[in-house]
Amino acid sequence: TTNSTTTTTNSTTTTTTISYNCNEILFEMLYVFTCRSLIDFTYLQTFFQSEVSQGYTLEQKISLISDFILFFKNPLQPQSLKIEALRLIIIPLLVHSTRKNEVQNLVT
């Protein structure tokens with residue numbers, strides 16, 4: 001995904017383009033579940049279940065699973081983060097996709 005911002009100052013126009021992968025951001029959000037905190041992050045769990053598992057299109061789910069495989073293979077990623085990715089994103093996504101008979105399309 002690409003995000004562009006255009007700024008005009010003193011007749012000079014500057015365009016800044018920020019490129020980011022939304023799936024990487026999802027994985028980064030999981031860090032909050034890897035340590036103890038007084039903050040209640042239930043809203044993030046709800047987001048992962050309602051928006052990602054149930055709201056993503058088939059193409060988005062395929063992209064997420066592909067990115068997860070790369071993420072999972074990366075030895076620099078902490079095991080705790082991989083566990084949270086499985087627990088909060090991948091397993092609920094596969095469960096929901098199985099109920100919708102989409103799972104064959106996800107794994108081919």
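Reader: Before anything else, what counts as a helix or a strand here?
Author: Helices are DSSP runs of H or I with at least four residues, strands are runs of E with at least two, and both are numbered from the N terminus. Keep in mind that this is a predicted model.

Reader: Fine. In what order do the elements run, then?
Author: Starting at the N terminus, the order is β-β-α-α-α-α-α. That comes to five helices and two strands.

Reader: And how much of the protein is buried?
Author: Of the 108 residues, 29% are buried. The accessible surface is about 7400 Å², and carbon and sulfur atoms hold 55% of that.

Reader: Let's talk about α4. What span should it have, and what does it have?
Author: Helix α4 covers residues 79-99, so at 1.5 Å a residue its 21 residues should span 30 Å. The C-alpha atoms at its ends are 29 Å apart, which agrees.

Reader: Where's the kink in α4?
Author: The kink is centred on leucine 86 and comes to about 40 degrees.

Reader: Which helices does α4 pack against?
Author: Its buried residues pack against α1 (22-29), α2 (42-53), α3 (58-73) and α5 (103-107). Among those buried residues are Leu81, Leu88, Ile89, Pro92 and His96.

Reader: OK, the core. Which residues touch the most other members of the largest nonpolar core?
Author: Phe27, Leu30, Phe48, Val52, Leu64 and Ile89 do, out of 20 residues in that core. The elements giving two or more residues to this core are α1, α2, α3 and α4, and α4 gives the most, with six residues. As a general point, nonpolar side chains tend to be buried together in soluble globular proteins.

Reader: What does phenylalanine 48 touch?
Author: Not counting residues up to four places away, phenylalanine 48 touches Leu26, Met29, Leu30, Phe33, Ser53, Leu88 and Ile89.

Reader: What about glutamate 102, where is that?
Author: Glutamate 102 is in the loop between α4 and α5. At 13% relative accessibility, glutamate 102 counts as buried too. Its side chain makes a polar contact of 3.0 Å with the side chain of lysine 61. Setting aside residues up to four places away, glutamate 102 touches Leu58, Lys61 and Ser97.

Reader: Last one. Which residue just after α4 takes a positive phi?
Author: Asparagine 101 does, with a phi of about 55 degrees.

Notes. Residues are numbered from 1 along each chain as its sequence is written. This is a predicted model: local features need pLDDT of at least 70, side-chain atom pairs count only at pLDDT 80 or more; totals for chains, interfaces and linings use all residues. Side-chain values use heavy atoms; hydrogens and water are left out. The expected span of a helix is 1.5 Å times one less than its number of residues. The bend at a residue is the angle between axes fitted to the seven residues ending there and the seven starting there. Buried means under 20% relative accessible area, exposed over 50%, partly exposed in between (1.4 Å probe, protein chains only). Contact means heavy atoms within 4.5 Å. A nonpolar core is a set of buried Ala, Val, Leu, Ile, Met, Phe, Trp, Tyr and Cys residues joined through side-chain atoms within 4.5 Å. Accessible areas come from the Shrake-Rupley method with a 1.4 Å probe; for residues, only the protein chains shown count as cover. A polar contact is a pair of N or O atoms within 3.5 Å; within protein, one must be able to donate a hydrogen and the other to accept it, and residues adjacent in sequence count only if both atoms are side-chain atoms.
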